[in-house]
Every structure is written in structure tokens, then in C-alpha cells.
Amino acid sequence: MTPAAADTLRLLTEREETLAVAESLTGGLVAAELTSVPGASRAFRGSVTAYATGLKQRLLGVDPVLLAERGAVDPEVAAQMAAGVRAALGADWGVATTGVAGPDPQDGQAVGTVYVAVCGPAGRSRSDGEVRALRLNGSREEIRKESVRSVLELLADELTANARAQDTEQNGGN
């Protein structure tokens with residue numbers, strides 16, 4: 001269990017909000033990290049591991065034209081995966097990982113090219129989601145572990161920024 005997973009789940013639980021995860025290159029590692037935290041079920045709804053490109057379309061609603069034109073390793077694909085899993089699993093927040101862990105390039109993208117995304121409630125996060133592009137080095141295992149850490153960090157950043165914005169709004173902008 002990492003501090004990032006525990007902190008993220010604590011923030012979600014305090015806010016009585018839920019999380020769903022869509023994973024590709026991480027193959028279930030994000031869900032495993034979250035469920036290693038005792039009490040995760042208070043905030044974690046579930047996950048979809050859409051490793052095959054076609055599953056991203058069928059299960060998560062990713063635009064098939066986008067997948068055909070750009071492939072699965074793309075920032076917009078990551079954003080659509082996060083939004084799609086959020087909708088499919090009925091969660092307040094959705095996160096997604098897509099990328100190339102290696103050993104070979106994929107869809108014209110180099111090993112270590114990763115996109116992580118978060119999509120939250122309307123009016124409380126960017127409507128198109130937040131995507132972070134990563135260029136990672138290391139072994140396949142290291143790339144996957146860093147992808148997990150990065151997506152949880154992105155979600156924690158969004159939750160923290162959202163909480164600050166709500167506090168400002170509630171205090172009359174002061």
C-alpha cells in the first residue's frame with residue numbers, strides 16, 4: 001500500500017465520493033493498489049482493465065475513429081477512458097492509464113510514453129478531464145509502477161485543488 005492510495009481514498013471517503021478506474025498498460029495495478037488499503041470499499045467502485053484496443057471502445061465508449069486514427073496511446077483516449085469508466089461504473093471520479101510499457105513500441109509510440117487521466121463531477125473538474133503526459137524510463141515493471149503512482153498523484157492533485165476551490169467559493173471568494 002502506498003501513501004498516495006491511502007491519501008486518495010481518505011480524501012474521497014471524507015467527501016463521500018466514489019472512484020472508478022480504467023486501466024490498460026497497468027493491467028489492474030491501480031485497482032490492486034487501491035484495494036490494498038483497508039476500507040477501500042467506502043470509495044472504490046471498481047475497475048475495467050481494457051488491455052485490448054477494441055475493449056476501450058466497447059466497454060469504455062472511446063471513439064472508434066479516434067482509436068483508428070491515433071491508436072490507443074493518446075491523451076484524448078486517456079481522457080475518454082476516464083470519462084467512460086466514470087459513467088459505466090457510476091462513480092463521481094474516473095481515472096485511466098494508457099501507454100507503452102515495452103518491450104516494443106506500440107501505435108508509433110516509444111516505450112515509456114504514458115498518459116494518465118482523471119475525470120470528475122461536472123463543475124468540479126475540467127469538463128474534458130485532466131490528462132498528464134509522461135515520458136518514463138526503466139524496465140517494463142518500473143514504467144507500470146510509475147504510471148500507477150502518477151495517476152494516483154494526478155487524482156490527489158485534482159481532489160485537493162477541487163477542495164480549495166470549494167472552500168474559496170463557500171467563503172465568498174476570500
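Which residues point one way from β1, and which the other way?

1. Leu19, Val21 and Glu23 point one way from β1, while Ala20 and Ala22 point the other way. All are buried, that is, under 20% relative accessible area with a 1.4 Å probe, protein chains only. The strand spans residues 19-23 and is mostly covered, with five of its five residues buried.

2. A note on the source. This is a predicted model, where local features need pLDDT of at least 70, side-chain atom pairs count only at pLDDT 80 or more, and totals for chains, interfaces and linings use all residues. Residues are numbered from 1 along each chain as its sequence is written, and side-chain values use heavy atoms, with hydrogens and water left out.

3. The protein chain holds six helices and five strands. These are DSSP runs: H or I of at least four residues for helices, E of at least two for strands. From the N terminus the order is α-β-α-β-α-α-α-β-β-β-α.

4. β1 pairs with strand β2 (residues 44-49); pairing requires at least two DSSP bridges. Here five bridges join the two, and they run parallel. Glutamate 23 stands opposite threonine 49 in β2. Between β1 and β2 the chain passes through helix α2 (residues 29-35), a right-handed β-α-β crossover. Right-handed means that the path from first strand over helix to second runs clockwise when the strands point away from the viewer.

5. β1 also pairs with strand β3 (residues 93-99), again parallel, over five bridges. Valine 21 stands opposite valine 95 in β3.

6. Across the protein chain, buried residues make up 47% of the 174 residues.

Note on methods:
Buried < 20%, exposed > 50% of the residue type's maximum accessible area, 1.4 Å probe, protein only.
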